[in-house]
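Subject: Structure handover and findings

Dear colleague,

I am passing on the structure below, and after it you will find what turned up when I went through it. Please read the notes with the structure open beside them.

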Amino acid sequence: MNDSRNTPATPAAASDGDSGADDPLKPDAVVDFESAGVGDEETLARLRAVSFYLDEAFEVPGTNYRVGLDPILGLVPGIGDATASALSAYILVEAAMLGVPRATLARMLGNVVLDATVGSLPLVGDVFDAAWKANARNVRLLEARYDDASPAAAAADRRFLLAAVAVITLLLVALGAATVLVALWVFGHVGLL
């Protein structure tokens, strides 16, 4: 019988009664949000609120369409997009701390990167932010995958990641080919070829 109270252990390992205190790869301190008074439901509620304020806080007059602070912050050059991206990253970090599967986290990261990249374009990016609503998408993904460890959900995430990698690879190959063609054209007009 391996009882952690009979072996020397770190205070964190001894306090939670974990029998794996001898494992050198185990962290010394593990944050237990339940005992700290921060439960999963409170975290999800906080993430829903952040998402709401960033993506759906205001109704566009005369329509049923809602926008949030994300596209409005994007109107402030530099700091606005950085602030919105940091808040989007906060949702991602909280999702990771809740234990969302890695494939879902990668999908959420893709939403944040796309939002930050396209959203940084002047005016066009703000319109994209208002339509894409990456934070609302990420909270929906978080809620859908948090309790759903089914093979179908994991397969859907893997299909998405595979498609994303394929598209990025094709874009990089196309960009490389276009660069070579432009370089050949320029060298031809300069007379180097």
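Which residues line the largest cavity? Before the answer, a word on the basis: this is a predicted model, in which local features need pLDDT of at least 70 and side-chain atom pairs count only at pLDDT 80 or more, while totals for chains, interfaces and linings use all residues. Residues are numbered from 1 along each chain as its sequence is written, and side-chain values use heavy atoms, with hydrogens and water left out.

The lining of the largest cavity is made up of Asp70, Asp81, Ala84, Ser85, Asp115, Ala116, Gly119, Ser120 and Asp129. Two elements, α4 (79-98) and α5 (102-119), each give two or more residues to this lining. A cavity here is a set of points, on a 1 Å grid over the protein atoms alone, where a 1.4 Å probe fits but cannot get out, and lining residues have an atom within 4 Å of a point. By residue class, the lining divides into 2 nonpolar, 3 polar and 4 charged residues (Ala, Val, Leu, Ile, Met, Phe, Trp, Tyr, Cys and Pro count as nonpolar, Asp, Glu, Lys and Arg as charged, and the others, Gly among them, as polar).

As for the fold, the protein holds 8 helices and 2 strands, which run α-α-β-β-α-α-α-α-α-α from the N terminus on (helices are DSSP runs of H or I with at least four residues, strands runs of E with at least two, numbered from the N terminus). Of the 193 residues, 26% are buried, where buried means under 20% relative accessible area, exposed over 50%, and partly exposed in between, with a 1.4 Å probe and protein chains only.

Leaving aside neighbours within four places in sequence, Leu47 is in contact (heavy atoms within 4.5 Å) with Tyr90, Ile91, Glu94, Leu98, Val139 and Leu142.

Helix α7 also holds Asn138, which counts as buried because its relative accessibility is 0%. Not counting residues up to four places away in sequence, Asn138 touches Ile91, Met108, Asn111 and Val112.

There are also 2 aromatic pairs, that is, rings of Phe, Tyr and Trp (its six-membered ring) with centres within 6.5 Å, where planes under 30 degrees apart count as stacked, over 60 as edge-to-face and the rest as tilted. Phe52 and Tyr53 pair edge-to-face, at 5.5 Å centre to centre and 70° between the planes, whereas Phe128 and Trp132 are stacked, at 5.7 Å and 15°. Phe128 and Trp132 are 4 residues apart in helix α6 (residues 124-132), so about one helical turn separates them.

With best regards

How values were computed. 1 Å grid on protein atoms, 1.4 Å probe; cavity = no way out; pocket = protein on both sides within 12 Å on 5 of 7 lines; lining within 4 Å.
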